[in-house]
Amino acid sequence: MPEKEQIKHLAGTYEQDLVDFIKELVRTPSVNGTHTEKAITTLIAERARTLGLPHELIALDAERPNVFVGTNFSRKSGLLFVAHLDTVPVGDEKKWKYTPFAAEIEDGKLFGRGAIDCKAGIALSIYALKILRDIGKPELAKFAGVVDEESGADSKLGARYLLDNGLNAQAAI
């Protein structure tokens, strides 16, 4: 099967697992200043393990660990998917159509705090890595889930800590 068709087939195969993972991520509160990111980091690490993906937790603060999934942490190789693990507060819950952490789906759209920013991106990144592993090209991408972005994106705990400890890639998104 040509590579493009293989990727399309694998994406279809993993579609429901991907949606279920996004729901799990949204249902795991990680509001900056209220929750640590430890539960969300653990969830990502467990999914990576289940999918057979190499991963590690890298932290300045053990209660707020970053998660790296992939190979070649410090080698300037591959595309780096980066997403933050924390969310902003829910605000006035009375203004929500759905409970903020319910991860309900209506008309093909999933609703919940962090669904778009960045929990769907996290799930998509992890499953993209799984597909790359399945087709024998795991070196093409890696993932870094970082903490404390919602505090101003200049925290010493998240991306800065990973960069200071050697995180490298050819490009990042």
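## Basis

The model is predicted, and local features need pLDDT of at least 70, side-chain atom pairs count only at pLDDT 80 or more, and totals for chains, interfaces and linings use all residues. Residues are numbered from 1 along each chain as its sequence is written, and side-chain values use heavy atoms, with hydrogens and water left out.

## Whole chain

The protein chain holds four helices and seven strands; helices (H or I, at least four residues) and strands (E, at least two) are DSSP runs, numbered from the N terminus. Their order along the sequence is α-α-β-β-β-β-β-α-β-α-β. The radius of gyration is 16 Å, close to the 16 Å that the globule rule gives for 173 residues, so the chain is as compact as a globular protein of that length. That radius is taken over C-alpha atoms, and the rule is 2.2 Å times the number of residues to the power 0.38. Along the principal axes, the C-alpha atoms fill a box of roughly 50 × 40 × 25 Å.

Of the 173 residues, 44% are buried (under 20% relative accessible area; exposed is over 50%, partly exposed in between; 1.4 Å probe, protein chains only). Contact means heavy atoms within 4.5 Å. Among contacts between residues at least 6 apart in sequence, 73% join residues at least 24 apart. The accessible surface of the chain is about 9,200 Å², and carbon and sulfur atoms account for 52% of that surface. Areas come from the Shrake-Rupley method with a 1.4 Å probe; for residues, only the protein chains shown count as cover.

## Strand E2

Strand E2 (residues 66-69) is covered on both faces. Asn66 and Phe68 lie on one side, Val67 and Val69 on the other, and all are buried.

E2 pairs with two strands, E1 and E6; strands count as paired if DSSP finds at least two bridges between them. With E1 (residues 55-58) the pairing is antiparallel over four bridges, and Ile58 stands opposite Asn66. With E6 (residues 141-146) the pairing is also antiparallel, over three bridges, and Val69 has Phe143 as its bridge partner.

## Ser77

Ser77 sits in the loop between E2 and strand E3 (79-84). Is Ser77 buried or exposed? Ser77 is buried, with a relative accessible area of 8%. Not counting residues up to four places away in sequence, Ser77 touches Asn72, Lys142, Asn168, Ala169 and Gln170.
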